[in-house]
Amino acid sequence: MNDSTLSDTELAAVLDAFSEPAAVLSADYLVIAANQAYRDHYLQSDSVIGQHCYQVSHGYQRPCDQEGESCPLQRCRQTGLRQRDLHLHNTRHGQEHVDVELVPIPVGVKEPLYFLEVMHFVKVANAKPEGEGLVGSSKVFNHMVSLIQRAAPSMISVLLLGESGTGKELVAKALHSASKRSKQPFVTVECSGLSESLFESEMFGHEKGAFTGAINRKEGLVTAARGGTLFLDEVGDIPLSLQVKLLRLIETGTYRSVGGVELKHADFRLICATHRDLTESVKEGRFRQDLYYRISPFPITLPSLSERAEDIPLLVEILLKRLTDEADIPHTEAVKVSADAMAYLKSYSYPGNIRELRNILERALLLADYQIITPEHLPENIRLPQQVSTFLNTNAGSIDGLIPLAELESVYLTQVKQNTSLKNNELASKLGVSERTLYRKLQGLP
């Protein structure tokens with residue numbers, strides 16, 4: 001063997017060490033060798049040999065980076081260093097999220113000629129209608145999943161950021177299930193509205209007689225999370241007076257129950273979530289800077305539903321199936337959504353994100369008598385903005401299908417109300433009306 005070639009025996013020895021799908025690729029993307037797991041998971045035959053990796057995994061006719069995706073082989077070839085990327089692959093099971101790892105194989109030359117590709121299949125996300133947990137296939141969704149894959153195996157504290165209704169608790173559970181603590185408890189603490197005494201009692205537990213009404217000893221949620229994951233939901237809502245107690249727990253790893261003297265040791269992986277901009281809260285003095293740095297070494301931003309509109313058809317299909325199963329609605333066939341109704345659903349902005357989409361579908365499901373959801377089953381504020389746009393673009397010179405001005409105003413104000421953070425006096429100034437007039441017009445809007 002010379003410096004630029006590998007024997008079949010050496011290739012087989014490399015690949016046999018992996019139970020996951022693995023292949024050896026050339027610098028020009030050709031599959032030189034593949035283990036049985038690789039052939040089974042993709043083409044179930046030896047025909048993968050001699051094909052380009054992007055043909056096998058994506059069905060592309062050119063490399064991934066020319067199709068708008070990041071290509072780990074290209075970067076591995078350029079840098080000579082191990083690379084990872086999360087891709088959506090076409091397998092015999094349908095589309096699957098795959099954490100692709102590329103490692104250069106040294107053969108005595110400066111520029112690598114061969115690369116080991118190992119496929120790590122992602123269990124926390126799904127791109128199929130029958131999937132569980134996190135569901136999606138859009139680029140922003142896949143980026144979020146790639147961050148979950150990176151953070152999950154470690155003990156690093158994760159801060160989940162994003163609008164309400166984007167599924168932060170689901171992501172927290174995904175981080176837990178993909179971690180080394182997955183068989184231990186996952187404990188959620190709802191931080192909104194907790195008073196100081198209730199916070200301490202819930203978090204740290206209390207001893208019998210510690211306060212009026214404490215007739216029994218109670219273990220806290222920190223104890224319940226021992227060995228597992230502690231999820232602090234809406235951590236940005238914790239009052240300043242309580243933040244120092246949380247900081248002490250995180251910094252020292254110790255705590256005392258209310259009314260107790262024994263110092264206890266905590267053992268949990270911390271995940272926090274908030275819909276607030278904590279950097280602004282720190283600047284405004286509403287959130288401790290030292291606590292912010294403790295909980296945010298690995299931030300993950302969850303995309304809003306409007307940022308991943310291409311995922312809506314898949315989410316609709318899955319949510320409808322779950323809703324019919326939960327409600328035990330006697331449909332003999334799967335409920336479908338008409339093309340017109342789907343167009344409305346895809347164009348809507350969803351200020352309430354996935355939670356709002358679920359509510360919309362739950363209502364539509366009860367209104368649809370013939371197992372197909374049409375535009376008439378959707379809320380008016382979803383349908384009218386598109387009708388207005390269509391009218392302005394195509395029917396400006398016609399009197400057919402005119403929309404009453406009061407209706408137009410109602411639609412516009414509803415959208416403004418749902419999507420602005422301005423106070424009423426600021427909004428009134430922007431709209432050119434008095435605050436009193438605006439208040440009257442907003443009355444009765446959804």
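**Reading the pockets in this model**

Mentor: Let's start with the largest pocket, which holds about 520 Å³ of space. Keep in mind that this is a predicted model.

Trainee: Which residues are closest to the centre of the largest pocket?

Mentor: A lining residue is one with an atom within 4 Å of a pocket point. Here 24 residues line the largest pocket, and those closest to its centre are Gly165, Thr166, Gly167, Leu170 and Ile354.

Trainee: Where does the largest pocket lie relative to the domains?

Mentor: Check who supplies the lining. Domain 2 (134-301) and domain 3 (305-383) both contribute residues, so the largest pocket lies between them. By class, its lining has ten nonpolar, five polar and nine charged residues.

Trainee: OK, on to the second largest pocket. What is its volume?

Mentor: About 410 Å³. It has 20 lining residues, and the closest to its centre are Glu69, Leu86, His87, Lys139 and Asn142. Strand S3 (83-91), strand S4 (94-105) and H5 each give two or more residues to that lining.

Trainee: Why does the second largest pocket lie between domain 1 and domain 2?

Mentor: Because domain 1 (8-121) and domain 2 (134-301) both give residues to its lining.

Trainee: And how many of its lining residues are nonpolar, polar or charged?

Mentor: The second largest pocket has three nonpolar, eleven polar and six charged residues in its lining.

Technical notes:
Residues are numbered from 1 along each chain as its sequence is written. This is a predicted model: local features need pLDDT of at least 70, side-chain atom pairs count only at pLDDT 80 or more; totals for chains, interfaces and linings use all residues. Side-chain values use heavy atoms; hydrogens and water are left out. On a 1 Å grid over the protein atoms alone, a cavity is a set of points where a 1.4 Å probe fits but cannot get out, and a pocket is an open set with protein on both sides within 12 Å along at least five of seven lines; lining residues have an atom within 4 Å of a point. Grid points are joined across faces, edges and corners, and a volume is the space filled by probe spheres set on the points. Ala, Val, Leu, Ile, Met, Phe, Trp, Tyr, Cys and Pro count as nonpolar, Asp, Glu, Lys and Arg as charged, and the others, Gly among them, as polar. Domain bounds come from an automatic or database domain assignment. Helices (H or I, at least four residues) and strands (E, at least two) are DSSP runs, numbered from the N terminus.
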